[in-house]
Amino acid sequence: MEKIKIKYHVDGLEKIEKIQVGDWIDLRAAEKVVLLKGQFELISLGVSMKLPEGYEAHVVPRSSTFKKWGIIQTNSFGVIDNSYCSDDDVWMFPALATRTTIVKKNDRICQFRIVKNQPEIEFEEVDHLEGKSRGGFGSTGRN
């Protein structure tokens, strides 16, 4: 079993617990944030973590985040590598409000999972690839 060292920066922030079902772990807003439509804000998640060696974290919104608050994650997909692990390296959620909204402290606004780092790879240039054409980008083989 892998271990993640975690530092909480905010009193009263609900603790992250071992998950029983699924692979994603919820993260909570560490502060109340009032966002006006069109406003960008880095919402503190109130934690710093030391991931196991050879892993990185992928941070994405929860499926209900847009529906509940009308916010989107501006970088679409957050990647936190193993070296982002000091007391000053607080995890954040970069949010853009599509409507005026209030995110309260302890609201579950995003989720993360850890994945193994990509193995070392090399590229081999070729003149032709043998795969069958699927119709190009965005087609999934249909016209």
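Leaving aside its neighbours within four places in sequence, which residues is D107 in contact with? I looked that up before anything else.

**Ground rules.** I am working on a predicted model, where local features need pLDDT of at least 70 and side-chain atom pairs count only at pLDDT 80 or more, while totals for chains, interfaces and linings use all residues. Residues are numbered from 1 along each chain as its sequence is written, and side-chain values use heavy atoms, with hydrogens and water left out.

**Entry on D107.** I find D107 in contact with L27, R28, A29 and W69, once its neighbours within four places are set aside. Contact here means heavy atoms within 4.5 Å. I place D107 in the loop between strand 10 and strand 11. Strands are DSSP runs of E, at least two residues, numbered from the N terminus. D107 is buried but has no salt bridge. Buried means under 20% relative accessible area, exposed over 50%, and partly exposed in between, with a 1.4 Å probe and protein chains only. A salt bridge needs a side-chain nitrogen of Lys or Arg within 4 Å of a carboxyl oxygen of Asp or Glu. The nearest side chain of opposite charge to D107 is K104, 5.9 Å away. For charge, Lys and Arg count as positive, Asp and Glu as negative, and His and the chain ends are not counted. I also noted a polar contact of 3.5 Å between the side chains of D107 and W69. That term covers a pair of N or O atoms within 3.5 Å; within protein, one must be able to donate a hydrogen and the other to accept it, and residues adjacent in sequence count only if both atoms are side-chain atoms.

**Entry on positive phi.** Most residues other than glycine have a negative phi. I looked up two with a positive value. N106 has a phi near 80 degrees. N106 sits in the loop between strand 10 (101-103) and strand 11 (108-116). S76 has a phi near 65 degrees. Its loop runs between strand 7 (71-73) and strand 8 (78-80). Are N106 and S76 buried or exposed? N106 is buried, at 16% relative accessible area. S76 is exposed, at 56%.

**Entry on salt bridges.** How many salt bridges does the count come to? I get five. In one of them, R113 pairs with D23, the closest N and O atoms being 3.6 Å apart. R113 is in strand 11, and D23 is in the loop between strand 1 (5-8) and strand 2 (25-28), 90 residues apart. R113 is partly exposed at 26%, and D23 is partly exposed at 49%.

D26 and R108 meet at 2.7 Å, N to O. D26 lies in strand 2 and R108 in strand 11, so this pair ties together parts 82 residues apart in sequence. I read 23% relative accessibility for D26 and 33% for R108. D26 and R108 also belong to a salt-bridge network with R62.

K50 and E53 form a salt bridge at 3.4 Å. K50 is partly exposed at 27%, whereas E53 is exposed at 62%.

**Entry on cysteines.** I looked for disulfides, taken as pairs of cysteine sulfur atoms within 2.5 Å. The count is zero. C85 is partly exposed at 30%. C110 is buried at 0%.

Notes
Helices (H or I, at least four residues) and strands (E, at least two) are DSSP runs, numbered from the N terminus.
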